[in-house]
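I opened a new page for this protein. These are my notes on what I looked up, entry by entry.

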Amino acid sequence: MIFVQKDKEPDEIVAWKKKFKNKYKRKPHYEDIKSEPEKQQLKAALISEQKYLCCYCCNRISDNNSHIEHFVPQSADNDLSLEYSNLHASCQGENSDMKHCGHAKGNEYDETLLISPLDVDCEKRFSYSVNGKIEPTDMLDEGAKYTIEVLALNDERLKKAREEAMWAAEVFLVNDEVKRQQLIAKYSNPSNGKKAPFCNAILFQLRKDRKCVE
């Protein structure tokens, strides 16, 4: 999971909501924008503010392999279905009968346990093994356990992809502190605005057991 710093809601979406409310005398819901061109603008904004990573697993996403994710499901509170603060971009996470991330979560939602990408400390609550497994940083953290299970973040495909990403970044081969700090900077603040897939796992290993600062 990555911490998502929400940008301002796109002006086009704000204008569309105002126009809809003036016309229909009610607050619009997600169903109302699904067939509108503004939906693509909404999705593009979500992907951009997440630095082109799935909000849950941190794999690379684009318009073609992602969907608009409702953190609080529409079935739980439809009034939040078009609230910008409740919307993220999630990978599709589907392969036959196996699912992860938003599609695995579906309508499952425990507000006392599910960790939000908007939680500034969300990344600190997860750790990553050398074989790509994600675990709670604190094994007593029931919210982290619940989040991993609900989002199926230990799907075998994800574990393998994380492991490959860490090796590709050469995190296990770095023994020079200057190089380590350079890699931390590289994977924390990419110059092109697109974070590397699974940078959360990469950064965890780079900082592991060391007092590194960005």
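**Entry 1: order of elements.** I read along the sequence and wrote down the pattern α-α-α-β-β-β-β-α-β-β-α-α-α-α. I noted 8 helices and 6 strands in the protein. I also noted that the model is predicted.

**Entry 2: overall shape.** I looked up the span of the C-alpha trace. Along the principal axes it is about 65 × 35 × 30 Å. Next I took the radius of gyration, which is 18 Å. A compact globule with 214 residues would have a value near 17 Å, so the protein agrees with that. I then asked what share of the residues count as buried. It is 44% of the 214 residues. Last, I took the contacts between residues at least 6 apart in sequence, and 66% of them join residues at least 24 apart.

**Entry 3: α6 and α8.** I picked helix α6, residues 156–168, and helix α8, residues 199–207. Their axes are 9 Å apart, and the helices pack at an angle of about 55 degrees. α6 and α8 are therefore oblique to each other. The crossing of α6 past α8 is right-handed. Which residues make the contact? From α6 I listed Arg162, Ala165 and Met166, and from α8 I listed Ala201, Ile202 and Gln205. I sorted the residues of this contact between α6 and α8 into 4 nonpolar, 1 polar and 1 charged.

**Entry 4: α7 and α8.** I turned to helix α7, residues 177–188. The axes of α7 and α8 come within 10 Å and cross at roughly 160 degrees. An angle over 145 degrees counts as roughly antiparallel, so α7 is roughly antiparallel to α8. Is the crossing of α7 past α8 left-handed or right-handed? I found that α7 passes α8 in a left-handed crossing. On the α7 side I wrote down Arg180, Leu183, Ile184, Tyr187 and Ser188. They meet Cys199, Ile202, Leu203, Leu206 and Arg207 in α8. By class, the contact of α7 with α8 holds 7 nonpolar, 1 polar and 2 charged residues.

Entry 5: I found Gln92 in the loop between β2 (87–91) and β3 (94–95). Its relative accessibility is 28%, so Gln92 counts as partly exposed. I compared C-alpha positions for Gln92 and Gly102, which are 10 residues apart along the chain, and got a separation of 7.2 Å. Leaving aside neighbours within four places in sequence, Gln92 is in contact with Asn65, Ser66, His67, His100 and His103.

I followed that list to His100, in the loop between β4 (98–99) and α4 (102–105). Is His100 buried or exposed? His100 has a relative accessible area of 6%, so it is buried. Beyond four places in sequence, the contacts of His100 include Cys57, Cys91, Gln92, Leu151, Asp155 and Arg157.

**Entry 6: positive phi.** I reminded myself that most residues other than glycine have a negative phi. Glu170 is not a glycine, yet its phi is positive, about 60 degrees. I placed Glu170 in the loop between α6 and α7. With a relative accessible area of 44%, Glu170 is partly exposed. Phe198 also has a positive phi, near 60 degrees. I found Phe198 in the loop between α7 and α8. Phe198 has a relative accessible area of 4%, so it is buried.

Methods
Residues numbered from 1 in each chain as written. Predicted model: local features only at pLDDT ≥ 70, side-chain atom pairs only at ≥ 80, totals over all residues. Heavy atoms only, no water. Axes fitted to C-alpha atoms, helices over the stretch in contact; angles between N-to-C directions. Helix = DSSP H or I, 4+ residues; strand = E, 2+ residues; numbered from the N terminus. Parallel < 35°, antiparallel > 145°, perpendicular 65-115°, else oblique. Left-handed = near helix turned anticlockwise from the far one by under 90°. Contact = heavy atoms within 4.5 Å. Nonpolar A, V, L, I, M, F, W, Y, C, P; charged D, E, K, R; others polar. Rg over C-alpha atoms; globule rule 2.2 N^0.38 Å. Buried < 20%, exposed > 50% of the residue type's maximum accessible area, 1.4 Å probe, protein only.
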